[in-house]
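Here's a quick look at the charged pairs in this predicted model. Have the viewer open and follow along.

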Amino acid sequence: MKKKKNKGFTLVELIVSIMISAIIFAGILVGIYLGMHSMTISRHRAEAIIIAQREMENIKANGYDSITTYGYTANGVLGETQVTASDVTEGANVIGKEVTVSVRWDDFGRIYTESVSSFIREPDY
């Protein structure tokens, strides 16, 4: 009598292969999640810089005399935009203003901030 050869998998081999596949699949999902998380933060950073630059251009377009040193805060699409300005002096003379526009937002429970600063010289009339 000849013995038949089993051509199938045992239950143990099947369970081990399923476990290995599950571990690999979980690793792939974690990688996808981290990649999407990083991409979202990068996109929001780029948007924040664009918002800050746009606000800085508006400030410059309104002219030096419209810049106040108390600043202001406004809520926007991405988060909070804060504008601060301070006098820059040379000796006793004010020669311009240092203007900073900061955009602050919350992503996944963490606070992020991007800022744009510019020195705006007092015009010579």
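Arg43 has a relative accessible area of 45%, so it falls in the partly exposed class. Its salt-bridge partner is Glu47, with 3.6 Å between the closest N and O atoms. Glu47 is partly exposed too, at 33% relative accessibility.

Both residues sit in helix H1, which covers residues 11-62. They are 4 residues apart, or about one turn of the helix.

## Arg45 and Glu114: helix to strand

Now for Arg45, which forms a salt bridge with Glu114 at an N to O distance of 2.9 Å. Arg45 belongs to helix H1 while Glu114 is in strand S4 (residues 110-121), so this contact ties together parts that are 69 residues apart in sequence.

Glu114 has a relative accessible area of 18%, and it counts as buried because the cut-off is under 20%.

Lys97 is buried, at 9% relative accessibility, whereas Asp87 is partly exposed with a relative accessible area of 40%.

## The tally

How many salt bridges does a search of the whole structure find? It turns up 3.

How values were computed
Residues are numbered from 1 along each chain as its sequence is written. This is a predicted model: local features need pLDDT of at least 70, side-chain atom pairs count only at pLDDT 80 or more; totals for chains, interfaces and linings use all residues. Side-chain values use heavy atoms; hydrogens and water are left out. A salt bridge is a side-chain nitrogen of Lys or Arg within 4 Å of a carboxyl oxygen of Asp or Glu. Helices (H or I, at least four residues) and strands (E, at least two) are DSSP runs, numbered from the N terminus. Buried means under 20% relative accessible area, exposed over 50%, partly exposed in between (1.4 Å probe, protein chains only).
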